[in-house]
Each structure stands twice: as C-alpha cells, then as structure tokens.
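Reader: I am new to this structure and would like to learn how to read it. Could we go through it together?

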Amino acid sequence: MENQKFCAVVPVYRHEAASRHVAEALSKEGLAVILVDDGNAPEGHAILETVAKEVPNTYLVTHEVNKGKGGAVVSGLIEAQRLGFTHALQIDADGQHDVNAIPFFIKASKKHPQNLISAFPQYDGSVPKAREQGRKITNFWVCIETLSMSIPDTMCGCRVYPLEKVVPIARKMTNLRMGFDIEIMVRMSWAGIKMNFYPIHVTYPEDGVSNFRALHDNIAISATHTKLFFGMVVRLPILLLRKFKRS
C-alpha cells in the first residue's frame, strides 16, 4: 500500500476538556486529528470547536444526538477516508492511553499496511477490577467466536485501521455503542484481515468521567457475544477451512 496517509479519529462524549491534551499530542506527532462530537452539550461542543480551531490540522465532525462510541468511530473513519487518508488511529479522548506509544503504532502500521494494528492494555493499579474481569470474559468468548487464540484483546480503544478494508465493514455495523470495539474486530477476523498486537500502558484517571453503564452495557455486550457466537456458527465451514489451510 503506497502513499500512506495517517490521521487520528477521537470519539468525544463528556471528555471534551481532556480531548485538547490528546489532540495536541496527536498533532505534535504530525497526525491530522478528526474529533467526533458525539452529541455533547452545547458548552462541550463549544470547547471542541475551539480545540479544532486552535490545534493545527484538526477537523470536527458533529452528531446532534449521541450515537454511542461505535457510531462516533464509524463517522470518524468515513470522514477520514473522504478526506483522503489511508489509515486512521482510533484513540480515546480521556487520555487513558499512553500517547508516547503513538509513533510506535504508526511505524508498525507502515510496516504492515494491510493489517489491523491494535494495542493490548498493560494496566496499573487504577483499573477497576470489574472492568478487568469483564475483559477476561470477553476475551474468552472472542476466542470461540473467531476459533482463534491469536487475539489477546478486543476492548482496547487504541488501534490503527487500514481504511480501505475496515470502512466497508464499519458501514454495515449495527452495534454502535460499547460493544463496537469487540464486534468490529471479530468481523475483521472473519474477513481474514491480519492483526498485530502490541502493549500499551493504560491509566484510568482518578477524576475521569466514565461513559460505561455497568448494568446496561454489560447486558448489551452479552447480547453482542450471543450474536457473534451464532454468526460464527453460520461461518463455521469457512472458518474451519481457513484454519486448516493455515495449519
């Protein structure tokens, strides 16, 4: 893949204040930044407008109503491709991902331009235990849904997408909320897209705002896994044949 052009897609909901630091760090690395205002309050939208004006090479996509993290990422990926970019780094707006790792992930994507380059988290003591256990359960089910143990994490919101391959999949996504990161990676695996995983340090800020709704989102993620399991059953002959060829 020649003439690679990289940008960053940052979904923003209730993290508009923290998003400035993330946008500035991305811009310093030479990346164009696409902020997606996912239905923030008017004062939050005003902050994002200011960030887009003041941080070089930053664009703002606005949702009038909240569509969920997945909806924001899909809008950002589509806009990135429209603007002529070939690859997009997805990263959260709250600053939990170590921005110092960004050059490494871009370099890895340049080396493997057809692949998904994804982070898998290295937590410190700030991680909520319930989230950590939930991640382990999700990783178990993803192994079943993909018939593979090669995907160490599907919930880390830091990854570099090859847009030509991922946008057609993203356009068909129906899960546009917290289960998005899981489902799109499983569907990319079903599509035969190769993936590379590298560690990244993740910190949960003490004063951070969480958009994760423990009961509602856990139920939704369980429903996502149910759908993906039956999707795997339908694709079982193809997945088994691919597994046999690789072995």
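Reader: At what angle do helix H1 and helix H2 pack?

Author: Glad you asked! First, this is a predicted model, where local features need pLDDT of at least 70 and side-chain atom pairs count only at pLDDT 80 or more, while totals for chains, interfaces and linings use all residues. Residues are numbered from 1 along each chain as its sequence is written, and side-chain values use heavy atoms, leaving out hydrogens and water. Helices (H or I, at least four residues) and strands (E, at least two) are DSSP runs, numbered from the N terminus. Axes are lines fitted to C-alpha atoms, for helices over the stretch in contact, and angles run from 0 to 180 degrees between N-to-C directions. Here H1 (residues 16-28) and H2 (residues 42-54) pack at about 15°, with axes 9 Å apart. That makes H1 roughly parallel to H2 (angles under 35 degrees count as such).

Reader: Which residues of H1 make the contact?

Author: Contact means heavy atoms within 4.5 Å. H1 uses Glu-16, Ser-19, Arg-20 and Ala-23, and its partners on H2 include Ile-47 and Val-51.

Reader: Which residues touch the most other members of the largest nonpolar core?

Author: A nonpolar core is a set of buried Ala, Val, Leu, Ile, Met, Phe, Trp, Tyr and Cys residues joined through side-chain atoms within 4.5 Å; buried means under 20% relative accessible area (1.4 Å probe, protein chains only). Of the 38 residues in the largest one, Leu-77, Tyr-161, Leu-163, Val-166, Ile-184 and Met-188 touch the most other members. Helix H7 (180-190) is among its suppliers, and gives the largest share, seven residues. Apart from this core lies another, of 32 residues, among them Val-12 and Tyr-204.

How values were computed: Angles under 35 degrees count as roughly parallel, over 145 as roughly antiparallel, 65 to 115 as roughly perpendicular and the rest as oblique. Buried means under 20% relative accessible area, exposed over 50%, partly exposed in between (1.4 Å probe, protein chains only).
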